[in-house]
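Hi there,

Here is the structure I promised to pass on. Have a look at it first, and my notes on strands and surface follow below.

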Amino acid sequence: MKILHSFKKSTTTFFISVCLVLFFSVSNKSYAQCPPNIDFEYGNFTNWDYGYGNINSQYPAFNVLPFTLRDTTPITPLKVEIKTNLSSPSTDPYGGFPVLCPNGSGNCVRLGNDINGAEEDALQYKFTVPVGANNYNIVYQYAVVLQLGPQTSHSFAQQPRFKALVIDSITGSLITCASYDFISNPNLPGFYVSPLTTGADTIMYKSWTPASINLKGMGGRTIYLLYIASDCTLGGHFGYAYIDVNSQCGNNAIINAYCWNSAQATLAAPPGFQTYHWYDSTLTTSIDTVQNAIIPLPATTKWYGVICTPYPGYGCVDTFYTKITPILPAKPTANFSVPSPYCGGSIINFTDLSTSNISGVSVVSWKWKFGDPNASGNAAPPNPDSSLLQNPQHYYSVIGNYTVQLIITTSAGCVDTILKTIHITLPPPTVNITVSNDTLCAIKDTTTLTYT
């Protein structure tokens, strides 16, 4: 699939990670069906089109929309790849932020790679806004990493960039409030210098930040979501993106939850907006002006609304709704498989079996303690006594019984822990075979194999 334009590459690079959090809200607080696999939760690219191309010396304007992405080119792991909770590394090597969006999502996609080559990659999703969904909102979160080359040798047009475009199929034009072009430069707001910065090429990053797309009044219209990660035009630097569309549909525009033994509820809004203002369902009674408002657990089901205002130039002002139902959900359950017995020195795979027990809430963090006083983070390979992975590995060098602890935390902030014992036996026996004669002629000679 090729994009109907070509760019070239400069010596400035930017790496982008984008997480799209999809919220649907309509005026009567009922919510539309999510487009299938817009969140990559199928674990593949069903309903997504992929495109790639090379960048010319001049960066042309986007003047033909939408672009035609052909599906004849296979998606290769080097260019675009599904990421999961099991992916390693679990954080971006340049920005240190998680490769998965911090919203409990199970899958995301890395668009592009960190190999130079004046490449450009794109993903496009086509869908129709449900008829009657007059307040149809999309919020996407993005995290960006930029390798900034010498400004004296790169024009602004030659810099790498990330484009998030929302296109009306009828007019072929951009929905301007919902479309963004992040171009690598040292003055982008909210960016920090990466600790991996070396030499003249500064590496900058911006952690997860949302941008809002307001499709109000577009019920029944076909829309294109197009995401493009471009290298610089001179070929010396690269760019890539993580994309994750998390569809939250049904009765709530925002999933809010509370812990099993709490008398309070948390009204949680999408992170990264400049300002928040929580109201009652009529948007007349002010409640709070923070992202996550703490309220007493209501006696009956109540709706709440929050007006989210993005930073200037990074989205539309949007209103989202949520409801709190005063039924205490079940406590989360921490659990994992217990391998037993195992031989000393063998690598043990621990498998997480934890559940949140709350609809719309997921387990988002794992803290393991292997109870191994002989563990060493400086071993080869490193073998520390703790891990933050969902399904870690560990090996015990000394026989004995060890108590393993797992602490889980859900997206609602609920915590549970469990202890299990693992038994490590003697190291595996050594098998050896001797031969009486190791130089033989075909057919004529024989040898004796002796097990020791």
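In what order do the 3 strands of the open sheet stand, and is the pairing parallel or antiparallel? The order is E3-E4-E12, and the pairing is antiparallel. At the edges are strand E3 (80–84) and strand E12 (240–243), each of which pairs on one side only. From one strand to the next, the twist averages 25°; axes here are lines fitted to C-alpha atoms, for helices over the stretch in contact, with angles from 0 to 180 degrees between N-to-C directions.

Before the rest, some housekeeping. This is a predicted model, where local features need pLDDT of at least 70 and side-chain atom pairs count only at pLDDT 80 or more, while totals for chains, interfaces and linings use all residues. Residues are numbered from 1 along each chain as its sequence is written, and side-chain values use heavy atoms, with hydrogens and water left out. Strands (E, at least two residues) and helices (H or I, at least four) are DSSP runs numbered from the N terminus, and two strands pair if DSSP finds at least two bridges between them.

Back to the sheet: E3 and strand E4 (residues 107–112) are joined in the antiparallel sense by 5 bridges. Lysine 83 has cysteine 108 in E4 as its bridge partner.

Next comes strand E25 (residues 400–410), which pairs antiparallel with strand E22 (residues 363–369) over 6 bridges. There, isoleucine 407 of E25 is the bridge partner of lysine 367. E25 also runs antiparallel to strand E26 (residues 415–425), with 10 bridges joining them, and threonine 409 is partnered by valine 415 in E26. E25 and E26 make a hairpin with 4 residues between them, and glycine 413 in its turn has a positive phi of about 85°.

Strand E15 (residues 275–280) likewise has two entries in my notes. With strand E18 (residues 302–309) it forms an antiparallel pair over 6 bridges, where threonine 275 stands opposite threonine 309. With strand E16 (residues 286–288) the antiparallel pairing has 2 bridges, and tryptophan 278 has aspartate 288 as its partner. In the hairpin of E15 and E16, 5 residues lie between the strands, and leucine 283 takes a positive phi near 60°.

Finally, the surface. Isoleucine 433, in strand E27 (residues 433–435), counts as exposed because its relative accessibility is 54% (buried is under 20%, exposed over 50%, partly exposed in between, with a 1.4 Å probe and protein chains only).

Best wishes
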